[in-house]
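Here is a friendly briefing to read with the sequence and the 3D view open side by side. Take your time, and find each residue in the view as you reach its name.

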Amino acid sequence: MLDIKFVRENPEIVKENIKKKFQDEKLALVDEVLEMDVEFRAKKTRGDELRGKRNALSKTIGGHMAKKEFEEAEKVKGEVAHINDELEHLEEDEKELEKKIREIMLVIPQIMADDVPIGKDDSENVELERFGEPVVPDFEIPYHVDIMESFDGIDLDSARKTSGAGFYYLKGDIARLHSAILAYARDFMIDRGFTYFIPPFMIRSEVVTGVMSFAEMENMMYKIEGEDLYLIGTSEHSMIGRFIDTITPEEDMPLTLTSYSPCFRKEVGAHGIEERGVYRIHQFEKQEMVVICKPEDSMMWYERLWNNSVDLFRSLEIPVRTLECCSGDLADLKVKSLDVEAWSPRQQKYFEVCSCSNLGDAQARRLGIRLRGEDGNYLAHTLNNTVVAPPRMLIAFLENLLQEDGSVRIPEPLQPYMGGMKEIRRKDK
C-alpha cells in the first residue's frame with residue numbers, strides 16, 4: 001500500500017505505474033482517492049478548529065458560574081452542545097472517508113522497481129541466467145506420477161475418495177524423500193544464519209489483508225466457517241503477521257527467518273487442478289525464507305534470497321534458471337520478483353519451483369511494521385522466497401535423478417536424511 005502523501009504529491013507517477021502493469025481500469029481510482037483525501041483533510045481541519053473552539057468556550061463556563069452569570073453560562077453550554085453535535089457528524093464522516101480511502105489504497109499497486117521489464121503477462125518474463133547443464137537422457141523419463149507409482153509411493157485414488165481432486169497420499173520411500181528434502185532445506189537455511197520457525201497455520205483477516213491483495217486472497221485462501229480465521233497459503237503470511245504493530249530497533253536488523261508449514265490453496269484461476277498430477281494441488285508443505293530489514297538493504301537481501309534457492313537446488317544436482325517477472329506478472333504488493341525454475345528433462349523445459357519477492361514497505365505499511373532509528377520511527381522492508389516446496393520439488397528431483405534402470409539416485413548431501421540410502425529402487429509388483 002502506498003503512502004497517501006506520495007499519491008497526493010506524485011499522481012502521475014502512480015498512474016504511469018498502473019499503466020505499466022496494464023491495469024488501466026484502476027487509473028480512475030487515483031483521482032477518486034485524491035478527491036476523498038481533500039474532503040477528508042477539510043473535515044479533519046474543521047474538526048480541529050471546532051475542538052479548539054470548544055476547549056476555549058469550556059474554560060469560560062467556569063468563570064461565568066463563579067460570577068453567578070448563569071444565563072451567560074447556559075448560552076456557552078448551548079454553543080458547546082452545537083459544536084459537539086457537529087463534531088459527532090464530522091467524526092462519523094471522517095471514519096467513513098478514512099475507510100473508503102484505505103479500501104482504494106489497498107487496490108492501487110505498489111511502485112515497481114525501475115528495472116522491472118515491461119510486459120503484459122508471464123509469457124513476457126525475462127530469463128536472466130542458467131545454473132547447471134540441462135540434460136535430456138537417452139532413456140524415456142516417465143510422467144512424475146508414474147515414477148512415484150513405480151516405487152509404490154503415491155495413492156491418488158484414495159485421496160480423491162477422502163478429499164477430492166488436488167490431494168494425495170505419499171507413502172514409503174517417496175514419503176521419506178519428501179520429508180528428507182524438507183529437513184535438508186531447513187538445515188541448509190539454518191546453516192546460512194536463518195532462525196527456524198514453525199508458525200501458526202491459521203491467521204486472522206487483518207493479517208490476510210496485510211500480506212496480500214484482495215484478488216490473491218479470493219483466489220487462494222480457505223476461510224474457516226464461523227470464525228475470523230483463514231488457512232495459510234504459505235508460512236510467509238504468519239511470519240510477516242508476527243510483526244504486526246511492532247517497533248523494532250534498527251540495530252536488530254536484519255531479521256532472517258526460515259519457516260516450515262503446510263500450505264492450503266484454492267488454486268482458483270486459469271491453471272486449475274490436475275486430476276492426476278501433483279504439480280498444482282490444494283495442500284502441500286513448504287520451507288520458506290523471510291527477511292525484515294532496513295529499506296536500504298532490501299535489494300541486497302533480494303539477491304541473497306534467490307541465490308540461496310539456486311545454491312540449494314544445485315547442491316542436489318538439479319539444473320535451474322532465474323526468470324524475472326515482468327510488470328504484468330508482478331503482484332500488486334511487489335516491487336520486484338524473480339522465479340527460480342527447475343529443469344524438466346521429461347518436458348524438456350523449465351518450470352517454477354521458487355518465487356522470490358521484494359515487497360518494499362507495502363506489507364509493513366498495511367501491518368504497521370516499523371523500525372526505530374536515531375531520527376524516529378520508519379517502515380521496514382519485507383522480502384520472502386521459497387526454499388523448497390514438495391511435491392513440486394519432488395517432480396524436479398525425480399526427473400533429474402532418475403536412472404535408466406528406474407531407480408533414483410540420492411545425492412550425497414541428502415543421504416544422511418535418507419538413513420544413508422544412496423538410491424531408491426522400484427518396487428516389484
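Helices (H or I, at least four residues) and strands (E, at least two) are DSSP runs, numbered from the N terminus. This is a predicted model, in which local features need pLDDT of at least 70 and side-chain atom pairs count only at pLDDT 80 or more, while totals for chains, interfaces and linings use all residues. Residues are numbered from 1 along each chain as its sequence is written, and side-chain values use heavy atoms, with hydrogens and water left out.

**Domains**

- The protein chain is split into domain 1 (4-107) and domain 2 (122-424); such bounds come from an automatic or database domain assignment.
- Between the C-alpha centres of domain 1 and domain 2 there are 44 Å.
- Contact means heavy atoms within 4.5 Å, and 8 residues of domain 1 are in contact with 7 residues of domain 2.

**The second largest pocket**

- Grid points are joined across faces, edges and corners, and a volume is the space filled by probe spheres set on the points.
- The second largest pocket holds about 350 Å³ of space.
- This pocket is lined by 16 residues, and M1, E98, I101, R102 and M105 are the closest to its centre.
- Two or more lining residues come from each of α1 (4-9), α3 (27-66) and α4 (70-105).
- Which element gives the most to the lining of this pocket? The answer is α4, with 6 residues.
- The lining has 7 nonpolar, no polar and 9 charged residues; here Ala, Val, Leu, Ile, Met, Phe, Trp, Tyr, Cys and Pro count as nonpolar, Asp, Glu, Lys and Arg as charged, and the others, Gly among them, as polar.

- Is H82 buried or exposed? H82 counts as exposed because its relative accessibility is 61%; buried means under 20% relative accessible area, exposed over 50%, and partly exposed in between (1.4 Å probe, protein chains only).
- H82 and R54 are 28 residues apart in sequence, and their C-alpha atoms are 9.7 Å apart in space.

**Buried residues in strands**

- S337 belongs to strand β12 (residues 336-344) and is buried, with a relative accessible area of 3%.
- The side chains of S337 and S357 make a polar contact at 3.3 Å. A polar contact is a pair of N or O atoms within 3.5 Å; within protein, one must be able to donate a hydrogen and the other to accept it, and residues adjacent in sequence count only if both atoms are side-chain atoms.
- Setting aside neighbours within four places in sequence, S337 is in contact with residues including Y302, E324 and C325.
- N358 sits in strand β13 (residues 349-358), and its relative accessible area of 1% makes it buried.
- Among the residues that N358 touches, not counting those up to four places away in sequence, are S298, Y302 and K336.

- R392 is in helix α13 (residues 392-401), and with a relative accessible area of 15% it is buried.
- V278 is 114 residues from R392 along the chain, yet their C-alpha atoms are separated by 7.1 Å.
- A polar atom of the R392 side chain lies 3.4 Å from the backbone oxygen of Y279.

**Backbone features to look for**

- Most residues other than glycine have a negative phi, and most peptide bonds are trans.
- The peptide bond from M253 to P254 is cis, with omega near 0°; P254 is in the loop between β8 (246-249) and β9 (255-264).
- P390 and P391 are joined by a cis peptide bond too, with omega about 10°, and P391 is in the loop between β16 (381-388) and α13.
- F22, in the loop between α2 (11-20) and α3, has a positive phi near 60° and is partly exposed at 37% relative accessibility.
- D152 has a positive phi of about 50° although it is not a glycine; D152 lies in the loop between α5 (144-150) and β2 (154-155) and is partly exposed, with a relative accessible area of 41%.

Technical notes. On a 1 Å grid over the protein atoms alone, a cavity is a set of points where a 1.4 Å probe fits but cannot get out, and a pocket is an open set with protein on both sides within 12 Å along at least five of seven lines; lining residues have an atom within 4 Å of a point.
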